[in-house]
Amino acid sequence: HPPNLGRQWQSAQEVAIRLMALVFCDRVFALAPSSSPHNRQRLWQAVAEHAQRIPPTLMYARAQNNNHLISEAAGLYTAGHYLAGHPQASKWRQVGWRWLNWAFQHQIDAFGTYVQHSVNYHRVMLQLALFTDHLRRLVGDPDWPEATQVKLAEATRWLWALTNSETGKTPNLGANDGAYIFPLTSLEQNDFRPVVDAAAKAFLKQDIYQQPECSEMAGWFDLTAPAIPISRQPQAADMLRIESGHGRAFIHTAHYTDRPSHADQLHVDLWWRGVNVAQDPGTFQYSGPAPWDNSLVSARLHNTLTLDGQDQMTRAGRFLWLDWAQAQVLAHEIDEVGQLARVTAEHNGYKKLGALVQRTLHKTDDGWQVIDQVLPYEGHSDNLPHQACITWLLPDWQWHLSSANTLQLNGPEFAFSIEIQTVDKIFLFRSGHCVLGVKQSAIPNWGWHSPTYGKIHPALMFAATLQGKLPLTIQSTWRFDLP
């Protein structure tokens, strides 16, 4: 594949990631018998060719203002140090360093949320920060500016807040293309602890897990830190977590300053004994044949409420939303041990319909209760009926209807029920087919779960509708079998 010919050279981001992989492998295998002077000379030439590909389209990466820019800046910074004698090395190094710092300072907000509102892309961003931080220390460059250090520390706390310390799993929030650019660990791809562990050592100066199996990636990046006792896992301001017995719940309340990824305001993710029982649908594919052309982004497929069959935002392309729905937390309660016990939040995505959606999530003795209210927006009253629809994406377990509005699920290790009250109709979909309720024509993308890019499995989508004049209230009660 000669330089700049073929699909392998179309994306400067892919070129930059490949450049970093070549440099990483050259450092690892420099003393191997096959690393002859001739072979290494050819590799150095390839690195230079890759570096020269990045600047001509860096403006596009800047316009995207996401992980493309960080990847390409990291590639230039890497090439500038690796090929220190190259005529363009100084420029590559300076441009890379400038845009790395700009991106970290502008793409991470004050609460640590990454601009793409995606757990997987958040991890990609931190891995690029870890790689370039390692390189910075190796060559003796100055430390990151204070503004960058603050943002990387907050971004580390954000991912730490979403990561289960026992399993390493997180909610599958936002777009997920499966990217894991430095898989320097024997743990599985969906285990986020290696990155959190390394980032905490690099940017918080703490060994938070103190678990050898989580520290292999940190070892590759030459990172150590003191083991400081951690009294409590932090919270992510836009993905607040409520602990309940053997479970944890998250509610998404984003304030968008850049393009949203999914229409998932007030989405609730529920976990019990490490199992994701109320799931995010994921991504599956960006550009597959219909209906798989990034169609899982809709609010209708997330664990939230939709009104009159409309999405929270206006979709204007495969990756573009208009009329952004903005959310805010209205109130919260703390229990007797200082843990979050109740959250009430709202979003304005249906103000065009004269409605405001509020959701309250609180823990109970054996699970959670979720109360959704659709209220008139700023006193608006059209006196017309609206139809609210609530959906919950559940594991593909054995199920039965134990009462009119209560679904019972039996899994390998535990059972639970979900009761949806004050609704007119209930439905259950599995892999695109209605298996309970008034039979509807097949909706191909309903009742599926994509854990990572290109993979999809059947799931149960439990849906309920309520029609009437505002205000409307729907209550979902989750009960789990206690040990």
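Helix α1 crosses α6 in a left-handed way, where left-handed means the near helix is turned anticlockwise from the far one by less than a right angle, and right-handed means clockwise. This is a predicted model, in which local features need pLDDT of at least 70 and side-chain atom pairs count only at pLDDT 80 or more, while totals for chains, interfaces and linings use all residues. Residues are numbered from 1 along each chain as its sequence is written, and side-chain values use heavy atoms, with hydrogens and water left out.

Two packed helices are described by the angle between their axes and the distance between the axes. Here, the axes of α1 (residues 12-29) and α6 (residues 119-139) come within 13 Å and cross at roughly 50°. That makes α1 oblique to α6; angles under 35 degrees count as roughly parallel, over 145 as roughly antiparallel, 65 to 115 as roughly perpendicular and the rest as oblique. Axes are lines fitted to C-alpha atoms, for helices over the stretch in contact, and angles run from 0 to 180 degrees between N-to-C directions. Helices (H or I, at least four residues) and strands (E, at least two) are DSSP runs, numbered from the N terminus.

## Who touches whom

On the α1 side, M20, F24 and R27 do the touching, and they meet L128, F131, H134 and L138 in α6. Contact here means heavy atoms within 4.5 Å. Sort the residues of this contact by type and you get five nonpolar, one polar and one charged. For that sorting, Ala, Val, Leu, Ile, Met, Phe, Trp, Tyr, Cys and Pro count as nonpolar, Asp, Glu, Lys and Arg as charged, and the others, Gly among them, as polar.

## A sheet of four strands

Next up is an open sheet of four strands, in the order β1-β2-β3-β4, with antiparallel pairing. Its edge strands are β1 (239-244) and β4 (275-278), each pairing on one side only. Two strands pair if DSSP finds at least two bridges between them. On average, neighbouring strands of this sheet are turned by 25° against each other, direction ignored.

Going across the sheet, β1 and β2 share six bridges, with S244 partnered by G247 in β2. Their hairpin has two residues between the strands, and G245 takes a positive phi near 60° there. Five bridges then link β2 to β3, where A249 sits opposite L270. That L270 also stands opposite A278 in β4, and β3 (residues 268-272) pairs with β4 over three bridges.

How covered is β2 (residues 247-252)? Six of its six residues are buried, meaning under 20% relative accessible area, with exposed over 50% and partly exposed in between (1.4 Å probe, protein chains only). One side has G247, A249 and I251, the other R248, F250 and H252, and all are buried.

## Strand β20 and its partners

Further along, β20 (residues 460-468) is mostly covered too, with eight of its nine residues buried. Nine bridges join β20 to β12, and the two run antiparallel; Q387 has Q467 as its bridge partner in β20. Strand β16 (residues 425-430) is also antiparallel to β20, joined by six bridges, and L428 stands opposite F462.

## Out on a loop

Finally, look for S381, in the loop between β11 (367-376) and β12 (386-394). Is S381 buried or exposed? It counts as exposed, because its relative accessibility is 63%. S381 and N445 are 64 residues apart along the chain, and their C-alpha atoms are separated by 34 Å.
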